[in-house]
Amino acid sequence: MTNFNINRFALKLHSVFLICLLCCSCQTSPNSKTNSQSLSIEEIRADLLWEQKCAVCHGVDGTPKDSVLPRPKKLRGFGIKMGFFFGGDKMREGIFKTIRDGKNQTMPSFKEELTEEEIRALVKRIERF
């Protein structure tokens with residue numbers, strides 16, 4: 001097999017892997033939560049916290065409005081899903097610390113307003129986008 005054929009094979013294999021990964025991350029299972037009736041009490045509380053504390057800047061669905069300046073981070077989409085998939089607990093801890101401690105002059109600290117459990121619930125909320 002020539003180097004050209006090996007490279008083409010590797011590229012095809014890599015493409016198939018990425019397509020499978022994308023399909024698996026976008027698929028919903030029969031047990032996935034699609035409406036408020038199937039959400040746990042903690043998830044409902046996290047949704048309320050999100051609406052009260054976060055949605056003003058980050059948007060109800062995790063997509064900030066163009067009118068908010070400086071523009072907050074978008075918290076939904078393929079990039080964030082891959083961050084949780086590959087980063088796992090490290091990603092969760094990073095988001096937890098940002099909510100708790102704030103970031104720069106734009107993201108306020110919520111350590112005086114929210115308990116650790118509430119902040120962790122918000123991190124899980126972001127992961128559900």
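Reader: How are α2 and α4 oriented to each other in this structure?

Author: In this predicted model, the axes of α2 and α4 come within 9 Å and cross at roughly 95°. Angles of 65 to 115 degrees count as roughly perpendicular. The orientation of α2 and α4 is therefore roughly perpendicular.

Reader: Which residues of α4 make the contact with α2?

Author: On the side of α2, the contact is made by Ala 46, Asp 47, Leu 49, Trp 50 and Cys 54. By class, the contact of α2 with α4 has seven nonpolar, no polar and three charged residues. The residues that α4 brings to this contact are Glu 118, Ala 121, Leu 122, Arg 125 and Ile 126.

Reader: How many charged residues does the contact of α3 with α4 have?

Author: From α3 come Phe 84, Arg 92, Glu 93, Ile 95, Phe 96, Ile 99 and Arg 100, which meet residues of α4 including Glu 116, Ile 119 and Arg 120. By class, this contact of α3 with α4 has eight nonpolar residues and no polar ones, and the number of charged residues is six.

Reader: Which helix supplies the largest share of the lining of the largest pocket?

Author: The largest pocket holds about 660 Å³ of space and is lined by 27 residues. Of the lining residues, 18 are nonpolar, five polar and four charged. At least two lining residues come from each of α2, α3 and α4. The largest share, six residues, comes from α3.

Reader: What is the value of phi in Asn 104?

Author: Asn 104 is found in the loop between α3 and α4. Most residues other than glycine have a negative phi. Asn 104 is a residue other than glycine with a positive phi, near 50°.

Technical notes. Residues are numbered from 1 along each chain as its sequence is written. This is a predicted model: local features need pLDDT of at least 70, side-chain atom pairs count only at pLDDT 80 or more; totals for chains, interfaces and linings use all residues. Side-chain values use heavy atoms; hydrogens and water are left out. Contact means heavy atoms within 4.5 Å. Helices (H or I, at least four residues) and strands (E, at least two) are DSSP runs, numbered from the N terminus. Ala, Val, Leu, Ile, Met, Phe, Trp, Tyr, Cys and Pro count as nonpolar, Asp, Glu, Lys and Arg as charged, and the others, Gly among them, as polar. On a 1 Å grid over the protein atoms alone, a cavity is a set of points where a 1.4 Å probe fits but cannot get out, and a pocket is an open set with protein on both sides within 12 Å along at least five of seven lines; lining residues have an atom within 4 Å of a point. Grid points are joined across faces, edges and corners, and a volume is the space filled by probe spheres set on the points. Axes are lines fitted to C-alpha atoms, for helices over the stretch in contact, and angles run from 0 to 180 degrees between N-to-C directions. Angles under 35 degrees count as roughly parallel, over 145 as roughly antiparallel, 65 to 115 as roughly perpendicular and the rest as oblique.
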